[in-house]
Amino acid sequence: MIVVTGVSGALGGAILGGLRAAGGLEVVGASRSGDGTAVRHADFDRPETLKEAFEGARVLVFVSAGYAEDDVVLARHGAVVRAAADAGVEHVIYTSLAASGERLTIALAHRWTEARLAEAPFDVTVLRNGLYAEIPAGLALMGAAAAAESGVFAAPLGAGRVSVAARDDLAAVAVRVAAEAWQDVVSGGERRHAGRTYELEGLSAVGGHDLAEVLSEVLGRPVSYLPVPLGAARAGLAGMEAYQAGHTMSTFANIGAGLLEARKSDLPAFVDAPRPARDLIAAVVRAGVGASH
């Protein structure tokens, strides 16, 4: 059996859907909101729920649970690693963070988890996912109304760019790796993904000028990019949880410093035609602008 955690989220849900669509696999989802029937109940904050959630699993797709302060995330991830070992899981596939994000504040929990998995008694594959293209798409959509009125897209990205990948492409990699890991476990053959770390960096990089060009295309009017100082941007994050604001500022700072552009990627080895970031961003903005009218 393959168990996929975090299926109430976009990435986990896409992985579960892809594995079910592949056919010929015994796969179940698990999440905090699971009812124990269609989806198993797995609450990372209640480790006692994980034993039953992982029962019978030979392959576990461990979708990271980073929506909290670091100490909470470490406790959650440590509980998953211990529960997987206790349940006799033979292969764990973990969705981590790409190397280009090494200086981001969110990297700490990912690298700590990778180290704990390396010490565990099962095979491990680490999928180091690039940042989602949906992130700059959301930023462009947030600025669309102001850009439509003023012709200016203002954002705290400096002159930097960020390599991003479509979430669905990253889910497709996880589906393939999980299916092949299952085949290897069942057949008793060579486990082709055991001990492997794949850098799934995005092949497209976008910055403020790129987002302004997308807005120009979607809105049908010239839009220019105006870099905003980090200090000014911080005030706009007042409604966020403290950890969310910190991670967001870290992302802006790393983009502005030019530290989030990837140099290489294993993504083409798994996805024949990765979706261009600008196409996805334009589609998100177009849909969002259309919905607001």
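Predicted model: local features only at pLDDT ≥ 70, side-chain atom pairs only at ≥ 80, totals over all residues.
Entry on Thr 5. I placed Thr 5 in strand 1 (residues 2-5), where strands (E, at least two residues) and helices (H or I, at least four) are DSSP runs numbered from the N terminus. Not counting residues up to four places away in sequence, I listed its contacts (heavy atoms within 4.5 Å) as Gly 12, Ala 30, Phe 44, Phe 54, Leu 60, Val 61, Phe 62 and Val 63.

Entry on Glu 199. I found Glu 199 in strand 10 (residues 196-200), and Glu 199 is buried too, at a relative accessible area of 13%. Leaving aside neighbours within four places in sequence, Glu 199 touches Ala 98, Ala 99, Arg 128, Ser 265, Asp 266 and Leu 267.

Entry on helix 4. I checked the length of helix 4 (residues 107-118): at 1.5 Å a residue its twelve residues should span 16 Å, and the end C-alpha atoms are 17 Å apart, which agrees; the expected span is 1.5 Å times one less than the number of residues. Its buried residues, among them His 110, Arg 111 and Glu 114, pack against strand 4 (59-63), helix 3 (70-86), strand 5 (91-97) and strand 6 (123-129).

I traced an open, mixed sheet of three strands in the order 7-9-11, taking two strands as paired if DSSP finds at least two bridges between them. Strand 7 (131-132) and strand 11 (204-207) stand at the edges with a single partner strand each, so one side of each is left without a neighbour in the sheet. Strand 7 pairs with strand 9 (residues 161-165) in the parallel sense over two bridges, and Leu 131 stands opposite Val 164 of strand 9.

Entry on the lining. I read off Val 164 again, together with Ala 165, Asp 169, Leu 267 and Arg 275, among the residues that line the largest cavity.

Technical notes
Residues numbered from 1 in each chain as written. Heavy atoms only, no water. Buried < 20%, exposed > 50% of the residue type's maximum accessible area, 1.4 Å probe, protein only. 1 Å grid on protein atoms, 1.4 Å probe; cavity = no way out; pocket = protein on both sides within 12 Å on 5 of 7 lines; lining within 4 Å.
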